[in-house]
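We will go stop by stop.

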Amino acid sequence: MFKKICSFAVSFLMIFSLISSGISGGQKVYAEENKKTDASVKVDKSKKNVSNENKDKDINKITKDVNKKEDKEIKKEDKTSVNKEDKEVKEEDKTSVDKQENEETKKEDKINVDNEKDVEQKLNNEENKEEQEKLNADAVNKNEEDEKSVEAEELMKALQNANNEITSIKINEVTGNIKVGNKIELTVQDQNNKIIPNENLVFSVNDEKVGRMDEKLPNKFITLSSGTAVITAALKDKPEVKDTLKIDIKENTKHVSIRIEGYDHTILPTKEIDVPLYDISEDLGGASGSSATHSNGWDVSKFDNPTNAHAIVYALTHICKMHQQQEGESDGPNVFDFQDYGWSLYIAMIGGDREHDHQGMSGWMYNVNGSLPPVGCNGKPLEDGDNIVWYYGAYGFDNVFTRMESDKKVVRRGGKVNITLNGIQTTGCSGSDEVDKYDEVKTPVENAVILVNGEEYKVNDNVVKTDKNGKAVLKFNRKGKYVISAVRYRDNKIDIVRPEPIEITVR
């Protein structure tokens with residue numbers, strides 16, 4: 001605004017100067033004319049007035065021109081001033097914006113730099129922490145290694161000193177009967193009756209078919225078969241200092257009775273056998289189930305005593321004269337399929353009766369002394385006097401294990417014999433690690449057909465069956481011996497295990 005006022009004042013002074021100059025010039029011309037001639041004084045008044053009017057017009061014209069020029073200059077100056085002010089304002093705004101952006105950019109750059117420094121510092125701290133932890137761990141490990149090294153050196157020195165002092169050694173005698181499957185830990189003494197550490201001894205056996213030393217415990221002797229084993233123990237650093245021990249190994253057998261019942265016939269009647277502990281690996285086949293794992297075999301070292309697995313294999317191979325099914329061989333009466341799952345053993349087929357032949361749960365099971373063990377046959381050791389029954393169940397666990405009794409074993413012709421058939425049905429077969437812990441329900445077996453010498457027993461052409469109490473009455477008119485058994489069908493499939501037959505003598 002101040003600039004506009006100053007510009008206006010300058011323009012006013014210029015106009016005033018021009019007007020003053022015009023008036024002075026007119027007066028000067030007029031005086032000269034008066035000096036040149038007096039005649040000009042006599043000029044017509046009208047002419048003088050015209051001249052004055054013209055002068056006024058000139059002055060007005062000049063004034064107008066000056067005013068126009070001033071207006072133009074003022075407008076120009078105003079425009080210039082406005083443009084300049086706008087430019088200055090824009091430049092100020094731009095400068096302000098640029099300054100603000102620069103400040104924000106600097107602030108952001110500072111924040112980024114600070115963040116980068118923080119991240120870098122954190123990384124450095126973590127790296128330093130990890131490095132320190134690693135150094136600490138290395139130091140601990142080094143200390144432990146140093147301690148172990150010192151202990152090892154001290155132990156070696158002690159052993160060397162002991163060896164230097166030992167002049168003779170002796171393997172302590174083993175008392176009692178040694179049987180196949182026994183694991184014996186041997187001890188060795190020096191001439192002063194001090195026990196020598198196993199680390200300072202080397203053991204060997206003359207016949208590894210009879211027995212061998214354990215891989216993990218060098219002083220443990222594992223018996224493998226009957227015979228005589230000679231064990232030698234010698235000082236590691238003085239092999240000439242040694243001793244030997246002779247061990248006589250006897251068979252490890254269990255006396256049991258075993259019966260094998262197929263689906264619709266008896267494969268092996270009750271037979272008493274002595275079951276030895278032996279390597280059954282050669283009598284096993286590959287597993288057909290998906291749960292199979294790698295197997296290292298089933299030699300004597302896996303057992304302490306013979307098991308139900310040994311009993312069934314021994315009965316099938318030595319009594320029934322069957323063999324393990326070979327690859328590509330069909331099921332039949334002279335073969336069995338005993339499968340090795342690595343972690344357990346499983347009977348899949350005996351004498352042509354194979355698992356799942358009748359339904360999903362059908363297959364082979366075994367009963368020991370009237371109970372169904374909830375473990376695989378390899379996990380159930382034998383005891384002298386065990387009564388073992390292997391049977392094929394068309395209904396799996398729902399098959400009823402039966403026992404038959406009679407009030408007489410000897411009768412005269414025409415005499416009556418009362419038969420009672422009871423069943424033991426297994427329930428709660430979810431399995432457990434405990435042996436002989438299945439729940440069992442004892443109940444009379446109703447509607448079972450009585451068999452005499454393998455044929456249905458009839459009276460007046462009517463088949464004799466057990467009543468609701470599991471009872472039936474038999475009568476024989478001829479002398480002789482009669483074998484009594486029973487069978488029952490459900491939905492055209494046998495649902496009971498044939499009982500141990502009873503022999504009746506008629507005189």
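Predicted model: local features only at pLDDT ≥ 70, side-chain atom pairs only at ≥ 80, totals over all residues.

The chain has 507 residues, and 34% of them count as buried. Show the surface next. Its accessible area comes to about 32,100 Å², with 48% belonging to carbon and sulfur atoms. Among contacts with a separation of 6 or more, 60% join residues 24 or more positions apart.

**Stop 1: a charged patch**

Select Glu144, Glu145, Glu147, Glu151, Glu153 and Glu154. Together they form a patch of negative charge on the surface. Now pick out Glu153, which sits in helix H2 (residues 45-165). Glu153 is partly exposed because its relative accessibility is 45%.

**Stop 2: Ser204**

Go to strand E5 (residues 201-205) and select Ser204. Is Ser204 buried or partly exposed? Its relative accessible area is 36%, so Ser204 counts as partly exposed. Which residues does Ser204 touch, leaving aside neighbours within four places in sequence? Val230, Ile231 and Thr232. Draw a C-alpha to C-alpha line from Ser204 to Val230: it spans 8.4 Å, while the two are 26 residues apart in sequence.

**Stop 3: salt bridges**

Side chains of opposite charge can pair when their charged atoms come close. The structure holds 9 salt bridges.

Select Asp304 and Lys183. They form one, with the closest N and O atoms 3.2 Å apart. Asp304 lies in the loop between E12 and helix H3 (308-319) and Lys183 in strand E3 (residues 183-185), so this pair ties together parts 121 residues apart in sequence. Lys183 is partly exposed, at 30% relative accessible area.

Move to Asp407 and Lys408, whose side chains meet in a salt bridge at 3.3 Å, N to O. Asp407 is partly exposed at 42%, and Lys408 is partly exposed at 34%.

Then select Arg490 and Asp495. Their closest N and O atoms are 3.4 Å apart, in a salt bridge. Arg490 is partly exposed, at 34%, whereas Asp495 is buried, at 4%.

Finish this stop with Arg259, Glu261, Arg498 and Glu500, which a network of salt bridges links.

**Stop 4**

Select Asp283, in the loop between strand E11 (266-276) and strand E12 (285-286). Asp283 is buried yet has no salt bridge. Where is the nearest side chain of opposite charge to Asp283? It belongs to Lys321, 12 Å away. Now show the surroundings of Asp283. Leaving aside neighbours within four places in sequence, its contacts are Tyr278, Val313, Thr317, Gln324, Phe336 and Phe338.

How values were computed
Residues numbered from 1 in each chain as written. Heavy atoms only, no water. Patch = residues over 30% accessible without salt bridge, like charges linked within 9 Å, V, L, I, M, F, W, Y side chains within 5 Å. Areas by Shrake-Rupley, 256 points an atom, 1.4 Å probe, with all protein chains shown as cover. Salt bridge = Lys/Arg side-chain N within 4 Å of Asp/Glu carboxyl O. Lys, Arg positive; Asp, Glu negative; His and termini not counted. Charge placed at Lys NZ, Arg CZ, Asp CG, Glu CD. Helix = DSSP H or I, 4+ residues; strand = E, 2+ residues; numbered from the N terminus. Buried < 20%, exposed > 50% of the residue type's maximum accessible area, 1.4 Å probe, protein only. Contact = heavy atoms within 4.5 Å.
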